[in-house]
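Trainee: I am new to this structure. Please take one part and walk me through it closely.

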Amino acid sequence: KKWILKERSGYGSNGNTILSTNEVQSLLFDTNKLTEPILCQRIVEPPMLINNLKFSLRVYVVYFPRDRNGKDAEVYISHQGLAKYAAEQYDITSMKSNANDDQYMTNSGRGDGRSSKQTSLQVLKSEFQKNDLDYELMWDHIEQSVQHVMQGYLNNLQHGDSSPCSRIGLLNMPKILGFDFI
């Protein structure tokens, strides 16, 4: 199994590392190796591919908090977003284990000269059709996921959660959020 480790301060795949299970265990059990918190996420195999490339989605969500007149908070999901493709075709037999693995990273802002292709969700929809994939089913799952996350966020606000994320919500300002999906 492969894992991706993401540093909190990473941007454009910088600070991301692809590791094997043994490498992750070694890193996590040696407390001297980790100085900052990291996100450790298992890479699901096999991934969904378009033209033999891994891809991720950036979906934009607009949040309007409850107003002073008591109108409930509103959440809108934009159909305008981004599909980001890896720079290199996916190869399940590859055992690469480095921070800039071009077949896994889909970030367009990598800044290291290995730019990934980026298109609109409308182009992705046509790619789904060409590859006989169900775009509407995927979009339904995205909407359900956004609804679940935002409902949790709103529940935390209503119950006085004092986490940094919830305190930001108390500013009572509209927000544009980016949700990433692989």
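Mentor: Start with a term: a salt bridge is a side-chain nitrogen of Lys or Arg within 4 Å of a carboxyl oxygen of Asp or Glu. Keep in mind that this is a predicted model. Our part is helix H2, residues 121-130.

Glu127 forms a salt bridge with Lys130. The closest N and O atoms are 3.5 Å apart. Both residues sit in helix H2, three residues apart, so about one helical turn separates them. An α-helix has 3.6 residues a turn, so residues three or four places apart point the same way. Glu127 has 12% relative accessibility and counts as buried, because the cut-off for buried is under 20%. Lys130 is exposed, with a relative accessible area of 64%.

Now look at the buried side. The buried residues of H2 are Leu121, Leu124, Glu127 and Phe128. These residues cover an arc of only 105° around the axis, so they lie on the same side of H2. The face turned away from that buried side carries the exposed residues Gln129 and Lys130.

Next, the core. The largest nonpolar core has 22 residues. Leu124 is one of the three that touch the most other members, along with Leu57 and Ile142. H2 supplies at least two residues of this core, as do strand S5, strand S6, helix H3 and strand S8. H3 gives the most, with eight residues. Ile142 touches Leu57, Val59 and Phe181, leaving aside residues up to four places away in sequence.

H2 has another charged link. The side chains of Lys125 and Glu136 meet in a salt bridge, at 3.2 Å from N to O. Lys125 lies in helix H2 and Glu136 in helix H3, so the pair ties together parts that are 11 residues apart in sequence. Both ends are partly exposed: Glu136 has a relative accessible area of 40%, and Lys125 has 29%.

Between the helices, note one backbone detail. Just after H2, Asp132 takes a positive phi of about 55°.

How does this fit the whole? A search of the whole structure finds three salt bridges. One lies elsewhere: Arg58 pairs with Asp180, with the closest N and O atoms 2.4 Å apart. Arg58 is in strand S5 and Asp180 in strand S8, so that pair ties together parts 122 residues apart in sequence.

Definitions and conventions: Residues numbered from 1 in each chain as written. Predicted model: local features only at pLDDT ≥ 70, side-chain atom pairs only at ≥ 80, totals over all residues. Heavy atoms only, no water. Core = buried A, V, L, I, M, F, W, Y, C linked by side-chain atoms within 4.5 Å. Buried < 20%, exposed > 50% of the residue type's maximum accessible area, 1.4 Å probe, protein only. Helix = DSSP H or I, 4+ residues; strand = E, 2+ residues; numbered from the N terminus. Contact = heavy atoms within 4.5 Å. Arc of directions from axis to C-beta.
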